[in-house]
Amino acid sequence: MKIKCVLIDDEPLAIKVLQNYFTNFTDFEVIATFNNSLEALDFINSTAVDAVFLDINMPMMTGFELISLIESKTKVIITTAFREFAAESYDLDVLDYLVKPIPLPRFIKCINKITTEYNLKNNIKVETTKGDSHIFIKVDKKMMKINIEEILFVEGMKEYIKVVTPDKTYITHKSLTSLSEELPADKFLRIHKSYVIALNKVKSIEGNRVQIQSYNIPIGRNYSKDVKNKILE
């Protein structure tokens, strides 16, 4: 079942940007867009909607006024060019506050929030010990969803990284440090300046190398003690 979203903004370009972002996330569906608050309110109160992306400065009725009239427990995400309304918005129990222009990485964090709330509401259990069960990386202009449990290791290659899973290898323009911060620290370990490995995928360790499936991965001299303590504990 897809997470149903509604976009409300009086700027067609702002709606277009969000629609383009949503094409990367197959678990989500934009079921309607509006540039009129009254029409949007009628739709939201008569239709099953999981999340509403709402601009504050709307004609006829502001975004805040619309929020107060929504009858369901639909999650609301504010999209605005103004930072100063953030405190007021959280008093209205909005899920997130996105400042235009909305960067894609920030949008992805919002998507993860919505997914978590949706899973809780619908009693969908996601097995993970920390954070999200997946990450998104950009491959060939498309955001790819990768389950964390499938990752064997990540290799840094100057300006790019290689994410290796049993079935596929993904290459993306990102730093190894940046991606490692998205992975659970209790499941992944940096063993070399160019490698982060999944601890539960280690088959053996010999000398200054660990084996994961058919891959022999070097252990950096500065990481050796920590690696052996973590793997052999």
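The protein holds seven helices and 15 strands. The model is predicted. Its C-alpha trace spans about 70 × 35 × 30 Å along the principal axes. Of the 233 residues, 44% count as buried. Among contacts between residues at least 6 apart in sequence, 49% join residues at least 24 apart.

**The parallel sheet**

- Five strands make up an open sheet with parallel pairing. Their order is β2-β1-β3-β4-β5.
- The edges are β2 (28-34) and β5 (96-99). Each has a single partner strand, so one side of each lacks a neighbour in the sheet.
- On average, neighbouring strands of this sheet are turned by 20° against each other, direction ignored.
- Strands of a sheet pair through backbone hydrogen bonds, either parallel or antiparallel.

- Strand β1 (residues 3-8) runs parallel to β2, and six bridges join the two.
- Within this part of the sheet, K4 has E29 of β2 as its bridge partner.
- T79 has its bridge partner in β5, namely L98.

**Side chains of β5**

- In a regular strand the side chains alternate between the two faces of the sheet.
- From β5, D96 and L98 point one way. Y97 and V99 point the other way.
- D96, Y97, L98 and V99 are all buried.

**Helix α1 against helix α5**

- Helix α1 (residues 12-22) packs with helix α5 (residues 104-121) at an angle of about 65°. Their axes are 11 Å apart.
- The two helices are therefore roughly perpendicular to each other.
- The crossing of α1 and α5 is right-handed.
- From α1, the contact is made by L18, Y21 and F22. From α5, it is made by L104, F107 and I111.
- Six residues of this contact are nonpolar, with no polar and no charged ones.

- S37 is found in helix α2 (residues 37-44).
- S37 counts as buried because its relative accessibility is 1%, and the cut-off for buried is under 20%.
- Leaving out residues up to four places away in sequence, S37 touches M58, P59, M61 and L66.

- I146 lies in strand β7 (residues 142-147).
- I146 has a relative accessible area of 2%, so this residue is buried.
- Apart from neighbours within four places in sequence, I146 is in contact with S133, H134, I135, I137, I151, V163, T165 and Y170.
- S133 is 13 residues from I146 along the chain. The C-alpha atoms of S133 and I146 are separated by 8.7 Å.

Conventions:
Residues are numbered from 1 along each chain as its sequence is written. This is a predicted model: local features need pLDDT of at least 70, side-chain atom pairs count only at pLDDT 80 or more; totals for chains, interfaces and linings use all residues. Side-chain values use heavy atoms; hydrogens and water are left out. Axes are lines fitted to C-alpha atoms, for helices over the stretch in contact, and angles run from 0 to 180 degrees between N-to-C directions. Helices (H or I, at least four residues) and strands (E, at least two) are DSSP runs, numbered from the N terminus. Angles under 35 degrees count as roughly parallel, over 145 as roughly antiparallel, 65 to 115 as roughly perpendicular and the rest as oblique. A crossing is left-handed if the near helix is turned anticlockwise from the far one by less than a right angle, and right-handed if clockwise. Contact means heavy atoms within 4.5 Å. Ala, Val, Leu, Ile, Met, Phe, Trp, Tyr, Cys and Pro count as nonpolar, Asp, Glu, Lys and Arg as charged, and the others, Gly among them, as polar. Two strands pair if DSSP finds at least two bridges between them. Buried means under 20% relative accessible area, exposed over 50%, partly exposed in between (1.4 Å probe, protein chains only).
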